[in-house]
Amino acid sequence: MKKDKKIMTDADYSGLTLLKKNHKDYPDSPEKAKIETFRNAFPKRDYIITFDCPEFTSLCPITGQPDFGHITINYIAKEKCIESKALKLYLFSYRNHNTFHEVAVNTILDDLVAACKPKWMQVIGDFMPRGGIAIHVTAEHGKKD
């Protein structure tokens with residue numbers, strides 16, 4: 001059985017600035033965060049990449065109280081993949097950002113789609129209960145087929 005073997009070169013990673021250094025400058029809003037990508041080594045194969053982010057926090061835009069959630073990102077890459085440290089810093093930028101859960105999930109989807117232009121992407125937000133109600137939001141882009 002033949003194995004697909006793609007060699008990634010330094011040029012494939014040359015645009016990554018956040019991963020190569022001990023980056024401690026945390027963006028204070030999603031608009032200031034940089035989402036970095038790298039070349040997909042297997043663009044002809046559909047495979048699902050999953051990011052599991054169980055420590056998402058943001059602030060309620062009305063009360064200013066913290067909201068805690070679990071963000072799961074699933075996608076099928078085309079030409080570009082999302083770099084995980086850049087994603088971590090991007091999601092961290094929500095920590096002091098006022099937003100509703102529905103807006104956060106859809107904005108995350110829009111920002112990630114703009115960055116990597118995937119074949120398909122799904123962002124799921126499972127938010128902890130406040131006032132006895134948990135909120136679960138799922139937003140998708142493209143077709144998974």
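In this predicted model, Leu87, Tyr90 and Leu91 of helix H1 are in contact with Thr107, Ile108, Asp111 and Leu112 of helix H2, where contact means heavy atoms within 4.5 Å. The residues of this contact divide into 5 nonpolar, 1 polar and 1 charged, with Ala, Val, Leu, Ile, Met, Phe, Trp, Tyr, Cys and Pro counted as nonpolar, Asp, Glu, Lys and Arg as charged, and the others, Gly among them, as polar. The axes of H1 (residues 84-92) and H2 (residues 101-116) come within 12 Å and cross at roughly 145 degrees, each axis being a line fitted to C-alpha atoms over the stretch in contact, with angles running from 0 to 180 degrees between N-to-C directions.

Residues are numbered from 1 along each chain as its sequence is written. Local features need pLDDT of at least 70 and side-chain atom pairs count only at pLDDT 80 or more, whereas totals for chains, interfaces and linings use all residues, and side-chain values use heavy atoms, with hydrogens and water left out.

The protein contains 2 helices and 6 strands, which follow the pattern β-β-β-β-α-α-β-β along the sequence; helices (H or I, at least four residues) and strands (E, at least two) are DSSP runs, numbered from the N terminus. Of the 145 residues, 42% count as buried, that is, under 20% relative accessible area with a 1.4 Å probe and protein chains only.

A search of the whole structure finds 0 disulfides, a disulfide being a pair of cysteine sulfur atoms within 2.5 Å. Cys116 is in no disulfide, and the nearest cysteine sulfur, that of Cys81, lies 7.7 Å away. Cys116 is buried, with a relative accessible area of 2%, and Cys53 is buried with a value of 15%.

Methods: Buried means under 20% relative accessible area, exposed over 50%, partly exposed in between (1.4 Å probe, protein chains only).
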